[in-house]
Amino acid sequence: MAGCSCHEDDQTGSLWSQITGECIKGELLGKKLTLYPSTFSTFEKSKSMTIIYYLKKPEKEGDTSRYQKYFEDNNRIGIFGHTFSDSLLQTKDRVIGIRSGEKQIAVPINSVRPHRPVFLSFAGQSLLIIADGIDNIACFILPDGKFVNPNIKTLQNGMTITDATGPEMIAFDGIIPVEGTELETYPVVTAFWFAWKSFFPTTEVFTN
Amino acid sequence: MKNWCVIILVLITTGSLIMAQNTEIQKETIAGHTLYEVLEKGEIPGIYNPEYYSAKDADSFYFENEPLMIVANNGIAHAYSTWHLDHHEIVNDRIGDLPLAATW
């Protein structure tokens, strides 16, 4: 759990782990927050969403992340600079972390490419992970038994996925389901491999 | 919904640590892990009572390639610039009937 931050709630002063959403200290010790699905995209790509509002902020306060150097420095782990050794992935590989009960799996972000989604069977569920660039990802729950043998057709700005054994089709504009595609999102987090592995030492790792 | 402020506390596994010597940092052990308090409460201010731009108005404030974290509830989405969240770490928000803390 190198480099994980915690948050404190004002009402009780309890501390909550950002990665696990669990209270680690205080009167709410042991309580868990519900992880809610979110997606990552860019301002340009988000404009196709029907009803979307953007958090107010100072006018174009900067055109990069303040942590950009940290992201790019593979030798820097956390604030203090720990050591981490693992042969499965590179220390600062970015992964999509998925949990279900006591099971976890890490999907390397590089496994998911535009027009090359990842179909994943995990903890009894069929999941679909799609990407439109390294910072545009989303995870959806597929209906049981559907899209087992998917056919993927590339569109100009997205793709369609059909089931070779049936008429069902789902379609995406980027990572956003188009009208008529009804899929439930599944909550995932993105993290550096060292952080995910530290929290979940027994995590599986997805391989193509 | 609970309001959240931000204390950045760094949770480090024991036995895998090389750290700079700093006797001023408060630390304690929780469930076998060392917890370091590296910032004072509120030093990175969380966002309370967030306000939003429409898509049209946001053009003046957002770069096209600006990365966003997006949360949706019942067809309405809120988008948070992660570059902006770098400075705040957390947004106390509500989308319809859904209270949430968007953390980054």
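## Strands, cores and ring contacts in a predicted model

In the hairpin of S6(A) and S7(A), which leaves two residues between its strands, A:Gly101 takes a positive phi near 60°. Strands (E, at least two residues) are DSSP runs, numbered from the N terminus. This is a predicted model, in which local features need pLDDT of at least 70, side-chain atom pairs count only at pLDDT 80 or more, and totals for chains, interfaces and linings use all residues. Residues are numbered from 1 along each chain as its sequence is written, chains are lettered from A and ligands numbered from 1 in the order in which they are written, and side-chain values use heavy atoms, with hydrogens and water left out.

**Strand pairing**

Two strands count as paired if DSSP finds at least two bridges between them. S6(A) (residues 94–100) is joined to strand S7 (residues 103–108) of chain A by six bridges, and the two run antiparallel. Strand S16 (residues 189–192) of chain A is also antiparallel to S6(A), with four bridges between them. A:Val95 has A:Pro108 as its bridge partner in S7(A) and stands opposite A:Ala191 in S16(A).

A four-strand open sheet in chain A has the order S11-S12-S13-S14, with antiparallel pairing. Strands S11 (150–154) and S14 (176–177) of chain A each have a single partner strand, so one side of each is left without a neighbour in the sheet. S13(A) and S14(A) pair over two bridges, and A:Phe172 stands opposite A:Pro177 in S14(A).

**Nonpolar cores**

A nonpolar core is a set of buried Ala, Val, Leu, Ile, Met, Phe, Trp, Tyr and Cys residues joined through side-chain atoms within 4.5 Å. Buried means under 20% relative accessible area, with a 1.4 Å probe and protein chains only. The largest core has 56 residues, of which A:Ile98, A:Leu120 and B:Tyr80 touch the most other members. S10(A) supplies the largest share of this core, six residues. Leaving aside neighbours within four places in sequence, the contacts of A:Ile98 (heavy atoms within 4.5 Å) include A:Leu120, A:Phe122, A:Tyr186 and A:Trp196. Another core, of 15 residues, lies apart from the largest one and has A:Ile19, A:Val189, A:Ala191 and A:Phe192 among its members.

**Aromatic rings**

Rings of Phe, Tyr and Trp (its six-membered ring) pair if their centres lie within 6.5 Å; planes under 30 degrees apart count as stacked, over 60 as edge-to-face and the rest as tilted.

| Pair | Centre to centre | Between planes | Class |
|---|---|---|---|
| A:Phe140 and A:Phe172 | 5.4 Å | 45° | tilted |
| A:Trp196 and A:Phe200 | 4.4 Å | 55° | tilted |

A:Phe140 in strand S10 (residues 137–142) of chain A and A:Phe172 in strand S13 (residues 169–173) of chain A are 32 residues apart, so the definition of strands as DSSP runs places them in separate elements. Both A:Phe140 and A:Phe172 are buried, as are A:Trp196 and A:Phe200. Ring pairs also link A:Phe43, A:Tyr54 and B:Tyr62 into a cluster.

A charge sits over a ring if NZ of Lys or CZ of Arg is within 6 Å of the ring centre and within 35 degrees of the ring normal. The charged end of A:Lys92 sits over the ring of A:Tyr70, 3.5 Å from its centre, and over that of A:Phe192, at 5.1 Å.

**Confidence**

The model scores ipTM 0.77 and pTM 0.73. For chain B the mean pLDDT (the predictor's confidence in each residue, from 0 to 100) is 77.

Key: Buried < 20%, exposed > 50% of the residue type's maximum accessible area, 1.4 Å probe, protein only.
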